[in-house]
Amino acid sequence: MELNTKYPVVLLMGKTGAGKSTLGNLLLGAPHKKGPFATGSRMDSITQECKAETMLIDDVPYNIVDTPGILDPNRGTIPILNEISKTINKCAHGVKAILIVSEVGRFTDEQKDALNRIRNFLGKDATNNIISVLSRADKDQTEDRSIMQSDWNQSFRSFIQGIGNRWGISPNPEIFPAGEETHKVRLGEIKNLISSIQGVYTTEQHEKCQREQAEARRRKEEDEKRAKREHDEKLKEDARREAERAHQREFNQMRQEYEKQHRQILEKMIESLRREKENERQEREKERQEAREHQERRRQEERERQERERQERRQQELKDGIMFAASEALKMAFYAFI
Ligand SMILES: Nc1nc2c(ncn2[C@@H]2O[C@H](COP(=O)(O)OP(=O)(O)OP(=O)(O)O)[C@@H](O)[C@H]2O)c(=O)[nH]1
Ligand SMILES: [Mg+2]
């Protein structure tokens, strides 16, 4: 890259395919497709590394630096930004203007992302040096800036306000060829904006911004690591608590089961004791009953025996009486006889 360190730098930045190299060629007054900056409609990035050319605005020389597009699907944005950083750090007299090229159309999330990435990359100190340039404008939008403005949404309007309303239109050379009035007016506006910028974005400011971003990234990484650590610890703690709860549940279940079995054994023992006692009681009752019956039988036998004896005595008495009466009668008969 041929950078003349004596001249201020104008940097072309934007999403890949936005039309940076085309605008660079137009500002150089070169054929837009065959200028020093390679252009093309391939899906992959055309510009692979930073390239500088000398450009004159009102006879003032500038380095115009074309850069590779960010958000290239095949190339990480961080290496591209690192390369642009190296270029900025070579600009001993700082960067006069940064032309951020964006395609007109829907302000998609991707476009927002590209603008945010560029603004964060440059930092707040570059705000006064940024110019937004819209490419791929149609005929009406290119001819009338107010038509272009009326197509913006709030988000894009805020972005433009945030950079001091410095914006221009890159004329589509297929509609407005070089030398045509609108083409000249639109390029003239961009050049005027470049010339009117006061002060430069310095390498020190860029280095400071890079340091702050590195620090912010480091802090973010640390925060993410801490958050991840805390998240992992929380997961572990949750898992430990869950295991503890599961263990407690298992323990309670086992205890309940044990208590149930224990209760059942006790109930069985109590039932068996109760039955044993009942059997004993019935046994004793039976014995008492048998004793009572035995006694009753003995009493009955005794009564019968006494009755028998009484009967026998009476019979004996009767016999004796009869015998006595008979002997008395015999005696009397004898005496009568004699
Ligand atoms: N319709 C239209 N096409 C454009 C305009 N500007 C650029 N193009 C076309 O868009 C394609 C990409 O343009 P480039 O200038 O190579 O884009 P770039 O931003 O340099 O792309 P990378 O270097 O790949 O990041 C080319 O085919 C251009 O001819 C424009 O304003 N309108
Ligand atoms: Mg390019």
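Modeller: One term comes first: helices (H or I, at least four residues) and strands (E, at least two) are DSSP runs, numbered from the N terminus. This is a predicted model, in which local features need pLDDT of at least 70 and side-chain atom pairs count only at pLDDT 80 or more, while totals for chains, interfaces and linings use all residues. Residues are numbered from 1 along each chain as its sequence is written, and chains are lettered from A and ligands numbered from 1 in the order in which they are written.

Biologist: How many helices and strands are there in the protein chain, and what pattern does the chain follow along the sequence?

Modeller: The protein chain contains eight helices and six strands. When they are read along the sequence, the pattern is β-α-β-β-α-β-α-β-α-α-α-β-α-α.

Biologist: Which domains does the assignment give, and how far apart do their C-alpha centres lie?

Modeller: The bounds come from an automatic or database domain assignment, and they give domain 1 (9-201) and domain 2 (215-298). The distance between the C-alpha centres of domain 1 and domain 2 is 79 Å.

Biologist: What share of the residues in the protein chain is buried?

Modeller: A residue is buried if 20 or more other C-beta atoms lie within 10 Å of its own, exposed if 12 or fewer, and partly exposed in between, with C-beta atoms placed from the backbone. Of the 338 residues in the protein chain, the buried ones make up 25%.

Biologist: Leaving aside neighbours within four places in sequence, which residues is I100 in contact with?

Modeller: Two residues are in contact if their C-beta atoms, placed from the backbone, lie within 7 Å. With its neighbours within four places in sequence left out, the partners of I100 are M13, G14, L115, I118, I130, S132 and V133.

Biologist: Which helix gives the largest share of the shell around ligand 1?

Modeller: A residue is near a molecule if its C-beta atom, placed from the backbone, lies within 6 Å of it. Of the 20 residues around ligand 1, G19, T22, S41, T47 and G69 come nearest. The largest share of the shell, three residues, comes from helix α1 (residues 20-28).

Biologist: Is L71 buried or partly exposed?

Modeller: L71 is found in the loop between β3 and α2 (77-90), and leaving aside neighbours within four places in sequence, its contacts are K15, T16, T77, E110, D113 and A114. Since L71 has 19 other C-beta atoms within 10 Å, L71 is partly exposed.

Biologist: Where does D58 lie, and how far is N192 from D58 in space?

Modeller: D58 lies in the loop between β2 (51-57) and β3 (60-66), and has a positive phi of about 50° although it is not a glycine. D58 is exposed, because 8 other C-beta atoms lie within 10 Å. N192 lies in helix α7 (residues 181-196), and although N192 and D58 are 134 residues apart in sequence, their C-alpha to C-alpha distance is 9.2 Å.

Biologist: In which loop does R136 lie?

Modeller: Phi of R136 is near 60°, a positive value in a residue other than glycine. With 18 other C-beta atoms within 10 Å, R136 is partly exposed. Its loop is the one between β5 (130-135) and α4 (139-143).
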